[in-house]
Amino acid sequence: MLRKLDNRGTIAAWTDALALLALLGASILGIWLSWGLIYDFIVDQGWHMQASSRVAGGEMLYRDLIWMYGPLPVYLLAWLFRWLGTSVTPFLLLYAVLLTAGVLLTYRVARFLLPLPLALLGTVALFLGGWWGGFVAYDQAYTGAVPLGAVMGLLSVLCLLSYLKDGRLGWLAGAGFTSGLALLTKPEFGLAGVGTGLLILLALLLFPKGVVAAPGRRGRALVVHLLCTVTVAGLGYGLLAYQAGWHNVWLGITGYDQDAILLQVWPPWGTQES
């Protein structure tokens with residue numbers, strides 16, 4: 001009987017691995033077919049590359065140049081420019097890595113909730129048929145903050161689901177860490193991740209029956225998640241504010257949305273006032 005259970009576990013592990021390999025192959029094929037295609041070279045994607053190249057050259061984000069999202073996408077691409085040289089290639093490589101990570105992470109999250117065939121089918125359907133949730137959102141996103149923020153969000157959800165499975169606080173530290181990185185990437189993505197974590201952990205405190213985590217650790221779990229999130233985001237924005245000034249950072253991140261609210265036009269660009 002135990003041998004049969006072991007065999008079933010081995011078969012399940014192998015089928016999961018094959019599914020991941022199939023998705024990896026599909027991602028590589030999609031990257032190859034779309035290599036060199038840039039959605040908006042003049043405005044958003046072009047500005048991402050220009051901002052990153054200028055930061056790599058020593059300029060300060062939000063102080064010396066405008067950027068409407070979190071700082072992490074710019075500094076990540078700037079690091080790649082310093083390492084690989086300033087060209088379109090590091091930009092395309094970054095998008096390719098994020099696309100592949102997004103596909104594989106989507107499948108892993110789905111496997112927590114669905115059997116293998118449905119998880120695989122759902123992942124493929126999402127990436128083939130979805131717009132902002134699918135292949136295009138990663139490979140042809142208007143800014144690198146979108147795919148990077150999505151990957152950080154998926155990592156946070158995966159850590160939360162893993163915590164619900166075995167109750168280890170390390171998973172919550174990972175969820176908080178990735179939520180903090182999401183806040184440094186595209187703040188609304190980070191807020192969504194933080195909100196999801198808080199809702200789950202508050203539910204554990206209020207409705208503890210049947211949860212894996214030990215009763216004495218549920219309050220600590222909430223603290224761990226929040227502490228890791230605040231530490232990562234606080235250190236990132238704090239260092240940037242020290243260098244560029246709080247006013248410049250706040251104006252850069254929120255200026256786009258403030259324009260839309262004041263002008264009652266979305267998107268706010270393309271009007272005389274903006």
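**Note on the predicted model**

1. Among contacts in the protein between residues at least 6 apart in sequence, 63% join residues at least 24 apart.

2. Secondary structure: the protein has 11 helices and 0 strands. Along the sequence the pattern reads α-α-α-α-α-α-α-α-α-α-α.

3. Burial and surface: of the 274 residues in the protein, 42% are buried.

4. Nonpolar patch: Trp35, Trp79, Trp83, Leu84 and Leu93 make up a nonpolar patch on the surface. Together these residues have about 590 Å² of accessible area. Helix H3, residues 72-84, gives the most to the patch, with 3 residues. Trp79 is in helix H3.

5. Salt bridges: how many salt bridges does the structure hold? The count is 5. Side chains of opposite charge can pair when their charged atoms come close.

6. Arg54 has 24% relative accessibility, so it counts as partly exposed. Glu59 also falls in the partly exposed class, because its relative accessibility is 29%.

7. Arg63 and Asp64: the side chains of Asp64 and Arg63 meet in a salt bridge, at 3.1 Å from N to O. Asp64 counts as partly exposed because its relative accessibility is 33%. Arg63 has a relative accessible area of 47% and is therefore partly exposed.

8. The side chain of Lys186 meets that of Glu188 in a salt bridge, with 2.4 Å from N to O. Glu188, with a relative accessible area of 42%, is partly exposed.

9. Aromatic pairs: the structure holds 3 aromatic pairs. One of them is formed by Trp67 and Tyr69, with 5.3 Å centre to centre and 75° between the planes. Why is the pair of Trp67 and Tyr69 edge-to-face? The angle between the planes is 75°, and planes over 60 degrees apart count as edge-to-face, so the pair is placed in that class. Both Trp67 and Tyr69 are buried.

10. Phe91 and Tyr95: these residues form an aromatic pair that is tilted, with 4.5 Å centre to centre and 40° between the planes. A pair of aromatic rings is described by the distance of the centres and the angle of the planes. Where do Phe91 and Tyr95 lie? Both are in helix H4, residues 88-113, and they are 4 residues apart, about one turn of the helix. Phe91 and Tyr95 are both buried.

Terms used: Residues are numbered from 1 along each chain as its sequence is written. This is a predicted model: local features need pLDDT of at least 70, side-chain atom pairs count only at pLDDT 80 or more; totals for chains, interfaces and linings use all residues. Side-chain values use heavy atoms; hydrogens and water are left out. A salt bridge is a side-chain nitrogen of Lys or Arg within 4 Å of a carboxyl oxygen of Asp or Glu. Buried means under 20% relative accessible area, exposed over 50%, partly exposed in between (1.4 Å probe, protein chains only). Rings of Phe, Tyr and Trp (its six-membered ring) pair if their centres lie within 6.5 Å; planes under 30 degrees apart count as stacked, over 60 as edge-to-face and the rest as tilted. Helices (H or I, at least four residues) and strands (E, at least two) are DSSP runs, numbered from the N terminus. Contact means heavy atoms within 4.5 Å. Patches are made of residues with over 30% relative accessible area and no salt bridge: like charges are joined within 9 Å, nonpolar side chains (Val, Leu, Ile, Met, Phe, Trp, Tyr) within 5 Å. Accessible areas come from the Shrake-Rupley method with a 1.4 Å probe; for residues, only the protein chains shown count as cover.
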